[in-house]
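Colleague: Can you walk me through this one? I am new to it.
Modeller: Go ahead and ask.

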Amino acid sequence: MPTGGIQTGGDRPAARMTFEGLQVLRGIAAAMVVFHHACWVINTYHPARSVLAGQRGLAELGAGGVDIFFCISGVVIAYAARAIPPGLPAAGTFALRRILRVLPPYWVFTAALLLLWLVGVGFKELRVTLGLVASSLLLIPYPKQTLDGHVSYHPILDVGWTLTFEMYFYAICTVIIAFAGGRRIWPWVLAALGVVAAVTTTTAGAASVAGGVLASPLLLEFVAGVALARFVAGRVAPRAGWAMILAAIAVFAASATVSDAMQARVLWWGIPGVLLVAGSLLIPIDARSRTNRVLLFFGTASYTIYLAHPFAMLVAGNVLKRGLLTDVPPDALLMLLTVLAIVGSALSYFVVEGPLIRLLKPRSRTAAEARAVIGA
């Protein structure tokens with residue numbers, strides 16, 4: 001998800017220019033999502049049974065990367081916005097910057113997917129209408145139908161469903177900034193989300209399409225990130241940080257033994273995700289290390305990885321449907337597909353997201369980061 005590094009304030013102890021631990025964690029979260037979708041491809045199209053992908057709890061665990069992303073978004077937005085003064089002009093600038101950061105890369109990859117559908121290469125079973133295209137580009141939930149009658153409310157680029165939550169969170173923060181300023185995002189974001197959720201549940205019902213977003217428990221993960229920005233960001237406590245990370249890993253590992261962790265994802269993935277984010281904030285990272293520089297790059301490219309990897313899954317699915325590579329053991333192919341999808345998607349940062357950032361936000365910190373990455 002599109003969250004950049006954060007400049008720290010002078011009133012914080014042991015302040016660093018960016019939270020490198022969060023950047024590394026972004027890359028890990030993106031890799032988890034790729035693994036989750038690679039498991040689906042192997043389970044669906046490989047004739048042999050995969051030991052790893054065949055374990056539902058382990059295959060679904062990668063989806064927890066989204067929960068980590070949501071918490072990181074809460075940290076980044078709340079911490080970066082803390083100096084924004086109240087008023088409509090400042091709120092408008094904040095909203096425009098978030099739109100320019102999120103939507104253009106998403107539109108590019110959505111357009112690429114539509115092109116594949118148009119030429120008959122992929123997604124031939126999808127019913128594409130003008131309403132679906134418009135709602136997908138605007139991240140508004142809308143019925144997406146296939147020729148066999150299956151209906152979902154995800155956009156054309158399926159992973160874009162998470163961006164609907166992101167944009168809603170940004171909208172709430174924009175309203176708070178307009179009336180109270182960036183420093184008031186905590187605790188007003190909790191109150192605002194709670195009021196909207198209550199009204200939505202009362203009027204439309206929690207099971208409605210609107211309730212699926214506006215009253216979703218996943219919004220608590222953003223709120224947790226905002227709280228971390230207020231109470232943890234900028235502090236250094238490696239022992240406490242590692243303790244949180246180890247506790248988070250233990251909970252994630254336990255969730256892999258549960259067949260329906262997705263049904264209670266805030267419990268199984270949201271809580272350990274918050275612990276991972278908190279631990280990453282508290283542990284300093286040496287950005288000069290060669291290994292860490294590689295990890296930081298994958299963090300920088302995590303949004304691109306998230307948006308681009310479905311195309312790698314499309315290719316892999318088509319290859320397996322044609323009977324190719326089916327003699328490769330499924331678990332070996334699962335690992336190979338995951339690695340190739342991560343690396344290949346990350347490399348597309350150099351031709352899509354990075355240039356877009358430099359073009360649309362030339363004076364921003366993320367543009368400076370893009371110039372440094374592309375120059376390297």
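Colleague: Where is Leu 139 found?
Modeller: Leu 139 is in the loop between helix 5 (130-137) and strand 1. Helices (H or I, at least four residues) and strands (E, at least two) are DSSP runs, numbered from the N terminus.

Colleague: What is phi of Leu 139 near?
Modeller: Phi is near 60° there, a positive value in a residue other than glycine. Most residues other than glycine have a negative phi, and most peptide bonds are trans.

Colleague: Is Leu 139 buried or exposed?
Modeller: Leu 139 counts as buried because its relative accessibility is 6%. Buried means under 20% relative accessible area, exposed over 50%, and partly exposed in between, with a 1.4 Å probe and protein chains only.

Colleague: What kind of model is this, and how are residues numbered?
Modeller: This is a predicted model, in which local features need pLDDT of at least 70 and side-chain atom pairs count only at pLDDT 80 or more, while totals for chains, interfaces and linings use all residues. Residues are numbered from 1 along each chain as its sequence is written, and side-chain values use heavy atoms, with hydrogens and water left out.

Colleague: Back to phi. What about Leu 325?
Modeller: Leu 325 has a positive phi of about 65° although it is not a glycine. Leu 325 sits in the loop between helix 13 and helix 14 (330-347). With 44% relative accessibility, Leu 325 counts as partly exposed.

Colleague: And which peptide bond is cis?
Modeller: The bond from Trp 186 to Pro 187 is cis, with omega near 10°. Pro 187 is in helix 7.

Colleague: How does helix 7 cross helix 9?
Modeller: The axes of helix 7 (residues 185-203) and helix 9 come within 9 Å and cross at roughly 165°. Axes are lines fitted to C-alpha atoms, for helices over the stretch in contact, and angles run from 0 to 180 degrees between N-to-C directions. Helix 7 and helix 9 are therefore roughly antiparallel to each other. The cut-offs are under 35 degrees for roughly parallel, over 145 for roughly antiparallel, 65 to 115 for roughly perpendicular, and oblique for the rest.

Colleague: Which handedness does that crossing have?
Modeller: The crossing of helix 7 and helix 9 is left-handed. That term applies if the near helix is turned anticlockwise from the far one by less than a right angle, and right-handed applies if clockwise.

Colleague: What about helix 3 and helix 11?
Modeller: The axes of helix 3 and helix 11 (residues 265-282) come within 8 Å and cross at roughly 50°. Helix 3 and helix 11 are therefore oblique to each other, and their crossing is right-handed.

Colleague: Different topic. How many aromatic pairs are there?
Modeller: The structure holds 13 aromatic pairs. Rings of Phe, Tyr and Trp (its six-membered ring) pair if their centres lie within 6.5 Å; planes under 30 degrees apart count as stacked, over 60 as edge-to-face and the rest as tilted.
Modeller: One of the pairs is Phe 69 with Tyr 306, with centres 6.1 Å apart and planes at 70°, so the pair is edge-to-face. Phe 69 lies in helix 3 (residues 64-80) and Tyr 306 in helix 13 (residues 302-321), so the pair ties together parts that are 237 residues apart in sequence.

Colleague: And Phe 70 with Phe 222, how do those rings sit?
Modeller: Their centres are 4.6 Å apart and their planes at 25°, so the pair is stacked. Phe 70 is buried, and so is Phe 222. Ring pairs also link Phe 70, Trp 161, Phe 165, Phe 169, Tyr 170 and Phe 222 into a cluster.

Colleague: Now salt bridges. How many?
Modeller: There are 5 salt bridges, each a side-chain nitrogen of Lys or Arg within 4 Å of a carboxyl oxygen of Asp or Glu. One of them joins Arg 101 and Glu 353, with the closest N and O atoms 2.7 Å apart. That pair links distant parts of the chain, Arg 101 in helix 4 (residues 88-118) and Glu 353 in helix 15 (residues 353-360), 252 residues apart. Arg 101 is buried, and so is Glu 353.

Colleague: What does Arg 288 meet in a salt bridge?
Modeller: Arg 288 meets Asp 286, at 3.1 Å from N to O. Arg 288 is exposed, at 69% relative accessible area, and Asp 286 is partly exposed, at 37%.
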